[in-house]
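Reader: Please take a close look at the salt bridges in this structure, and then at one strand and its partners. State the cut-offs as you go.

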Amino acid sequence: MRKRPLGKTTLQVSELALGTWGLSGDGYGPMVEAEIDRVIDRALAVGIDLFDTADVYGRGEMERRLGKRLQGAGPAFVVTKIGTDLEGLPPRKRFDPAHLRTAFERSQERLARDVVDVVLLHNPTMAAMRSKESLAFLRDLKQAGKIRAFGVSAGSADVARSALRDEVDVIEIAYNAFLPGDLHEVAGDVSESGAAVLARSVLAHGLLAGQWSADREFFSFDHRAERWTREEFKLRIRQLDVLRPLVTGPVVSLRAAALRFVLANQLVSSAVLGPRSVAQLDQLVREAGMPPYLGDTALTELSARLRSAGITT
Ligand SMILES: NC(=O)c1ccc[n+]([C@@H]2O[C@H](COP(=O)([O-])OP(=O)(O)OC[C@H]3O[C@@H](n4cnc5c(N)ncnc54)[C@H](OP(=O)(O)O)[C@@H]3O)[C@@H](O)[C@H]2O)c1
């Protein structure tokens, strides 16, 4: 497993990370409990040492499980996210320091760590970013030695840019071949600030694995049931043709092409994978292959094809 610097921190992390939203049973539907542990153990066995989670995943259960599973497992870095108050109904986003302090202390306890490696604000709005108090709170935690690095999981280029200008250590952002634009928009700010980029949703929630038919249905508890209208979904499936020319030589599948697209970007410290089984994790690790992930010509040609298919690059 190759490593990359986590931006301007002193940490070196595996360039593939294990994301745990899908494993928590939220988002994609229930998981068999034993498989969750098997995926975590397998990730460690193949050399993944970066684990992405959030206090809301499984209402804290995912943090608790990671806390247990990673104990004594050798070096393993955890990124967690806070900023959702689950106590009221409906749950609401909260980035005030009072809430963040309680949330952090609970995460710290569930993860069973005195020092948490990375803490991110979980999808803050621009209004929350403008108030500055949430990042000031995380900066204080870092100065107090309770966390190693801090940042923002950003739902838009504007939020990411604001975080980068506030000199965060890490941003997490959706980045994949069908959604390259947000990271590309802030690439200059990333370079200038030296912040780490954790790229999530590398497979566009599974779409880019290229295994779905245009009439695929999702269960109602699966977030993908609401993500695309039927027409958008059919268009997305057709747009996969844009990626097919990448599948050649060591790039053995659309899934490989999608993952290599992300790894080819040197601004990315780690690609946060979302496997829901050991088989899926093994496929991803195997198909990531090794550098050069995609050649410059292939990337330039891909950009032109994406633009002609109406995808903002
Ligand atoms: N706001 C945030 O901070 C935020 C938001 C989203 C995600 N994340 C983090 O990023 C992680 C990954 O996000 P994501 O779920 O959007 O990732 P993703 O990799 O784009 O999608 C994951 C889905 O892809 C499919 N898949 C995974 N491995 C596969 C394989 N080998 N072959 C075929 N299909 C495969 C699975 O669905 P099926 O098998 O059911 O098709 C899986 O549920 C999350 O776990 C979480 O840690 C953070």
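Author: A network of salt bridges links Glu-33, Asp-37, Asp-41, Arg-65 and Arg-69. A salt bridge here is a side-chain nitrogen of Lys or Arg within 4 Å of a carboxyl oxygen of Asp or Glu. The model is predicted, so local features need pLDDT of at least 70 and side-chain atom pairs count only at pLDDT 80 or more, while totals for chains, interfaces and linings use all residues. Residues are numbered from 1 along each chain as its sequence is written, and side-chain values use heavy atoms, with hydrogens and water left out.

By the salt-bridge rule, the count is 27. In general, side chains of opposite charge can pair when their charged atoms come close. One of the pairs is Arg-94 with Asp-96, whose closest N and O atoms are 2.9 Å apart. Arg-94 has a relative accessible area of 21% and is partly exposed; Asp-96, at 22%, is also partly exposed. For these classes, buried means under 20% relative accessible area, exposed over 50%, and partly exposed in between, with a 1.4 Å probe and protein chains only.

Asp-222 and Arg-224 meet through their side chains at 2.8 Å, N to O. Asp-222 is buried at 5% relative accessibility, and Arg-224 is buried at 12%.

Asp-189 and Arg-165 form another salt bridge, with 3.0 Å between the closest N and O atoms. Asp-189 belongs to helix α7 (residues 181-193) and Arg-165 to helix α6, so this pair ties together parts that are 24 residues apart in sequence. Helices (H or I, at least four residues) and strands (E, at least two) are DSSP runs numbered from the N terminus. Asp-189 is buried, at 15% relative accessible area, whereas Arg-165 is exposed, at 56%.

Strands β9 and β10 (residues 170-174) run parallel and are joined by 4 bridges; two strands pair if DSSP finds at least two bridges between them. Val-152 stands opposite Ile-171 in β10. Strand β9 also pairs in the parallel sense with β8 (residues 116-122), over 6 bridges, and there His-122 stands opposite Ser-153 in β9. Of the 8 residues of β9 (residues 147-154), 7 are buried, so the strand is largely enclosed by the rest of the structure.
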